[in-house]
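Subject: Structure handover

Hello,

Here is the structure for you to look over. My notes follow below it.

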Amino acid sequence: MENKQALKRNLKNRHIQMIALGGCIGTGLFYGTAESIPLAGPGLILGYLLGGFVIYMIMRMIGEMATEEPVSGAFSYFANKYCGEYAGFLAGWNYWLLYILVSMAELSAIGVYITKWFPDFPMWASVLATIIIITSINLASVKFFGETEFWLALIKVLAVVGMIVFGIYLVGKGLFVETSTVKVSNLWDHGSGGLSNIFPNGSWGVWVSLVIVMFSFGGTEMIAIAAAETENPEKTIPIAIKQVMWRILLFYVGSIIIMLVLVPWTDIKAGISPFVLVFDQLGLPNVAGILNFIILTAAISVYNSGIYSNGRMLYGLAEQRHAPKVFLKLSKNSVPYAAILFSSAITLIAVVINLMVPNGAFMIVMSVAIAAAVITWGLIIIMHLRFRKAHTGEKLKFKTPFFPYVNYFCLIFLLIVVGAMTQLGSFKPAVFVIPAWLAITFVGFQIKKKMDKNA
């Protein structure tokens, strides 16, 4: 099957946009908000605005670099080139681990939602079936993956838009019924007065909710991963980044505002999708059932993007000699099949996790995933600073605004997110994973260097 061809540029602008949307509109929005709303109440809206701004700036940074140099394994390549070999090794393997964890989180959510229809069907079996189907799609061709992801992502995008429109209709209708729980005042009621109505747990609630908010936005940086297989990346990437970010903010902020108007935030509990709960409480169980299907589709879409991302990252690492040469093998359709199969095999751990901890798998995996995401975003910010220094005086095609002040602002924000993780019991252990993981990668890099010398 080995083929000496390089990756093919078969992804169009519509594919790139949906890959980015598909990576971040998933369980973070549909499921994770159930964990953050009880913490922040209506103040969660502010959390998404802040988090959205930071992620958009980080997207601009990686987009600026990827537009100038559209290569496979973008994060690892840029870190390797501008920050040194260890930085490249860390950036690549950390992002690979991140999407392994995200994939496991999505697989866990898939198992949860399938059991809502088939309570006697084992969660691990649902997870295994998903792994087999999505891996097969990724092994076919990048064009087939792009088309599949386009339609999977389009389903959930249209669903969110439809939910917002339908929610606006319900709000308009409910405002004229005195006994209705639908009230715009739901956004500031249910407190003791003043700002406590909007921020029921004060600034602390918004602060700790940022952990789940940032997990929700993870995946947007996948645009850079796809740059090496994108038609006309100098034009496509800037357009995709500009269009994707405001749509994400609309979907997240818009849908949360509508949801909190429809049902008091105090009725939303952790462990169940607030979207399903909203329509159930409004006496619309059929709509809730449809939403359950949409959420399932969303999780499958993110897993599909995750397998794609992991395959390309391992391929890029192998190009830099940071991973075994076997991951450079391409199929006849120019797909890095060895890297995809290895990544898919590792996600099988999700089957074991769901078998052993069927009720808590999602939060366990998500806590470690956000720690890996913080490392990735921090590295992007630092490598962008080095990139700019190396290109001083040059005319860049897609410059990041407010440089370098925005870089330092984003770094401080990420430190605030890490601090927030220490305040949540389920996330606190993940904070200690960060230094442990950095130590593991450093040791791995030293072993790799010795092996290179002896080769």
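Start with the largest pocket. Helices α6 and α18 (428–454) each supply at least two residues of its lining. Helix α18 gives the most, with eight residues. Keep in mind that this is a predicted model.

The space in this pocket comes to about 260 Å³. Its lining has 12 residues, and those closest to the centre are Phe-89, Gly-444, Ile-447, Lys-448 and Met-451. By type, the lining splits into seven nonpolar, two polar and three charged residues.

Next, the core. The largest nonpolar core holds 153 residues. Phe-75, Ile-370 and Trp-377 touch the most other members. Helix α6 (residues 85–117) gives the most to this core, with 20 residues. Helix α6 also supplies at least two residues to the pocket lining.

Which residues does Phe-75 touch, leaving out those up to four places away in sequence? The list is Ile-62, Ala-91, Tyr-95, Glu-221, Ala-224, Ile-225, Met-313, Ile-380 and Met-383.

Now the charges. Side chains of opposite charge can pair when their charged atoms come close. The count here is six salt bridges. Three of them are described below.

One joins Arg-388 and Glu-64, at 2.7 Å from N to O. Arg-388 sits in helix α16 (residues 361–390) and Glu-64 in helix α4 (residues 44–68), so this pair ties together parts that are 324 residues apart in sequence. Are these two residues buried or exposed? Arg-388 is buried, with a relative accessible area of 11%. Glu-64 is buried as well, at 0%.

Another salt bridge joins Lys-397 and Glu-68, with the closest N and O atoms 3.2 Å apart. Lys-397 lies in the loop between α16 and α17 (405–421), while Glu-68 lies in helix α4, so the pair links parts that are 329 residues apart in sequence.

Lys-397 also meets Glu-234 in a salt bridge, at 3.9 Å from N to O. Glu-234 is in helix α11 (residues 233–262), so this pair ties together parts that are 163 residues apart in sequence. The cut-off for a salt bridge is 4 Å. Lys-397 is partly exposed, with a relative accessible area of 45%. Glu-234 is partly exposed too, at 45%.

Taken together, Glu-68, Glu-234 and Lys-397 are linked in a network of salt bridges.

Best regards

Note on methods:
Residues are numbered from 1 along each chain as its sequence is written. This is a predicted model: local features need pLDDT of at least 70, side-chain atom pairs count only at pLDDT 80 or more; totals for chains, interfaces and linings use all residues. Side-chain values use heavy atoms; hydrogens and water are left out. A nonpolar core is a set of buried Ala, Val, Leu, Ile, Met, Phe, Trp, Tyr and Cys residues joined through side-chain atoms within 4.5 Å. Buried means under 20% relative accessible area, exposed over 50%, partly exposed in between (1.4 Å probe, protein chains only). Helices (H or I, at least four residues) and strands (E, at least two) are DSSP runs, numbered from the N terminus. Contact means heavy atoms within 4.5 Å. On a 1 Å grid over the protein atoms alone, a cavity is a set of points where a 1.4 Å probe fits but cannot get out, and a pocket is an open set with protein on both sides within 12 Å along at least five of seven lines; lining residues have an atom within 4 Å of a point. Grid points are joined across faces, edges and corners, and a volume is the space filled by probe spheres set on the points. Ala, Val, Leu, Ile, Met, Phe, Trp, Tyr, Cys and Pro count as nonpolar, Asp, Glu, Lys and Arg as charged, and the others, Gly among them, as polar. A salt bridge is a side-chain nitrogen of Lys or Arg within 4 Å of a carboxyl oxygen of Asp or Glu.
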